[in-house]
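Hi,

Here is the structure I said I'd pass along. Could you open it and keep it beside you while you read my notes?

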Amino acid sequence: MVFKKWRHTRPFFGSILTVLSGLMILWVPLNLYMSTFLPGSVAVIGLLFGGLITLMGLLSFFLPGASKALGIIVIFLSILSVIGALGGFLFGTIFGIIGGALLTAWRIVPAEESSKSPRSDVTEQPAKTG
């Protein structure tokens with residue numbers, strides 16, 4: 001119950017997808033570590049972008065009010081990660097774009113709005129007979 005309440009106060013699924021995309025983007029340059037640190041290699045950019053995307057996902061857990069700006073940065077970095085890390089074989093790019101969109105679309109629901117019960121617009125009237 002406490003976890004469910006905590007989850008609803010922050011962009012949980014957007015953050016999870018963002019962290020997963022960052023780890024996927026990091027996976028490619030880490031497996032090419034022999035050539036990553038050579039001069040002139042663009043794989044260092046993959047390390048930088050993957051690390052930043054993972055950091056943005058973790059920050060969105062702790063700073064839910066900044067999720068719009070973090071989501072925009074995540075989308076931008078996910079698209080640019082194709083240059084240095086092949087975008088985590090494009091799965092990292094796709095997950096990053098979806099996670100960034102979820103972060104951007106998330107909003108804080110005021111407590112009084114969330115506690116209201118669903119109300120129908122149809123007013124109750126007695127049925128006409130005969």
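First, the ground rules. This is a predicted model, with local features needing pLDDT of at least 70 and side-chain atom pairs counting only at pLDDT 80 or more, while totals for chains, interfaces and linings use all residues. Numbering starts from 1 along each chain as its sequence is written, and side-chain values use heavy atoms, with hydrogens and water left out.

Now the helices (DSSP runs of H or I, at least four residues, numbered from the N terminus). Helix α4 (residues 43-62) packs on helix α5 (residues 67-89) at an angle of about 160°, and their axes are 9 Å apart. Axes here are lines fitted to C-alpha atoms over the stretch in contact, and angles run from 0 to 180 degrees between N-to-C directions. So α4 is roughly antiparallel to α5 (the label for angles over 145 degrees). Residues in the contact (heavy atoms within 4.5 Å) include Phe-49, Leu-52 and Met-56 of α4 and Leu-70, Ile-73 and Leu-77 of α5. By class, that contact has 13 nonpolar, five polar and no charged residues; Gly counts as polar here, and Asp, Glu, Lys and Arg as charged.

Then the largest pocket, with a volume of about 310 Å³. Its lining has 14 residues, with Arg-7, His-8, Thr-9, Arg-10 and Trp-106 nearest the centre. A pocket is an open set of points on a 1 Å grid where a 1.4 Å probe fits, with protein on both sides within 12 Å along at least five of seven lines; lining residues have an atom within 4 Å of a point. The volume is the space filled by probe spheres set on the points. α2 gives the largest share of the lining, three residues.

Cheers

Methods. Helices (H or I, at least four residues) and strands (E, at least two) are DSSP runs, numbered from the N terminus. Angles under 35 degrees count as roughly parallel, over 145 as roughly antiparallel, 65 to 115 as roughly perpendicular and the rest as oblique.
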